[in-house]
Amino acid sequence: LEPALGKLDPPPADQPARAEFLARTNGLLYGDDFRQGVVLGQRWVYPAGAVEITLPPSWDTETGAGVVIATADTRDALLLARAGDYESAEAGEQELLSGGGIELGPQWEVQLGGWPTRARYFGLEENPPRFRGLYAFVETPSGVWELVALTTVDKLEDMAAAFEGSMLSFGALNEPQLIGLQPRGVIFARRIQQI
């Protein structure tokens with residue numbers, strides 16, 4: 001196929017359709033937008049909000065726009081960090097609790113990243129109880145973040161150190177080369193100017 005394509009003549013540069021095509025596709029983004037979150041080893045960095053979190057070692061990760069989910073290889077624990085749409089950490093906590101079905105445990109007195117934080121151990125109201133975890137709502141300069149860790153009742157004691165360690169790592173992203181990550185885009189600027 002490639003040899004055959006090499007024999008084709010390119011369309012003339014003065015064709016209006018080509019110029020319009022180049023103008024419309026110039027700057028078009030493709031692939032992942034790293035500004036919306038990327039996993040680098042154990043770190044998940046979110047350049048758009050200038051925050052990061054270190055995930056537990058060897059956990060599987062899935063990431064999307066402003067969210068990361070890490071899952072233990074045993075599939076009995078997970079940790080979620082996501083940009084929330086709340087006015088404050090307190091508002092985020094109130095919204096979580098307003099849905100009911102949550103049994104409150106002890107508060108976790110902490111300021112993640114040095115920012116105002118509402119954090120608490122919790123359980124899901126079930127009979128018999130099956131799931132326990134830790135949540136935190138953090139007011140960062142870029143908005144409120146929601147961190148939730150969840151595991152089975154019998155694993156909470158074993159997982160608490162991993163949950164707290166990851167949440168304690170949540171903080172400001174201070175590396176200019178990471179904050180400046182840009183999405184990939186199609187660039188035809190020179191060619192458009194020549195047409």
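Trainee: How should I read the numbering and the values?

Mentor: This is a predicted model, where local features need pLDDT of at least 70, side-chain atom pairs count only at pLDDT 80 or more, and totals for chains, interfaces and linings use all residues. Residues are numbered from 1 along each chain as its sequence is written, and side-chain values use heavy atoms, leaving out hydrogens and water.

Trainee: What does the secondary structure of the protein come to?

Mentor: There are six helices and 13 strands.

Trainee: Why is Thr140 called buried?

Mentor: Buried means under 20% relative accessible area, exposed over 50%, and partly exposed in between, using a 1.4 Å probe and protein chains only. Thr140 has 9%, so the residue counts as buried. Thr140 belongs to strand β10, residues 131-140. Across the protein, 34% of the 195 residues count as buried.

Trainee: Which residues is Thr140 in contact with, leaving aside its neighbours within four places in sequence?

Mentor: They are Val51, Trp115, Trp145 and Phe170. Contact means heavy atoms within 4.5 Å.

Trainee: What is the order of the strands in the open sheet?

Mentor: Seven strands line up as β5-β6-β7-β11-β10-β9-β8, with antiparallel pairing. The edges are β5 (60-64) and β8 (102-107); each has a single partner strand, so one side of each is left without a neighbour in the sheet. From one strand to the next, the twist averages 20°.

Trainee: How do you know that β5 and β6 pair?

Mentor: Two strands pair if DSSP finds at least two bridges between them. Five bridges join β5 to β6 (residues 67-71), so the pair meets that rule. One example is Gly64, whose bridge partner in β6 is Val67.

Trainee: Which helices lie on the sheet?

Mentor: Helix α3 (residues 89-98) lies across β8, β9 (117-124), β10 and β11 (143-152), running at about 150° to β10. Helix α4 (residues 156-169) packs on the sheet too, touching β7 (77-83), β9, β10 and β11, and its direction makes about 160° with that of β11. For these angles, axes are lines fitted to C-alpha atoms, for helices over the stretch in contact, and the angles run from 0 to 180 degrees between N-to-C directions.

Trainee: What makes a group of residues a nonpolar core?

Mentor: The members must be buried Ala, Val, Leu, Ile, Met, Phe, Trp, Tyr or Cys residues joined through side-chain atoms within 4.5 Å. The largest such core has 30 residues, and those touching the most other members are Trp59, Leu79, Leu112, Leu147, Phe163, Met167 and Phe170. Helix α4 gives the largest share of this core, five residues. Apart from this core lies another, of nine residues, among them Tyr86, Ala89, Phe122 and Tyr135.

Trainee: Why is the pair of Asp60 and Arg75 called a salt bridge?

Mentor: The rule asks for a side-chain nitrogen of Lys or Arg within 4 Å of a carboxyl oxygen of Asp or Glu. The closest N and O atoms of Asp60 and Arg75 are 2.8 Å apart, so the pair qualifies. Asp60 lies in strand β5 and Arg75 in the loop between β6 and β7, so the pair ties together parts that are 15 residues apart in sequence. Asp60 is partly exposed at 37%, whereas Arg75 is exposed at 54%.

Trainee: How do you know that Glu103 and Arg132 meet in a salt bridge?

Mentor: Their N to O distance is 3.5 Å, which is within the 4 Å limit, so they count. Glu103 is in strand β8 and Arg132 in strand β10, 29 residues apart. Glu103 is partly exposed at 39%, while Arg132 is buried at 15%.

Trainee: Which residues are linked in a network of salt bridges?

Mentor: The network links Arg43, Glu52 and Glu175. Within it, the closest N and O atoms of Glu52 and Arg43 are 2.7 Å apart. Glu52 is buried at 13%, and Arg43 is partly exposed at 22%. The count for the protein comes to eight salt bridges.

Note on methods: Helix = DSSP H or I, 4+ residues; strand = E, 2+ residues; numbered from the N terminus.
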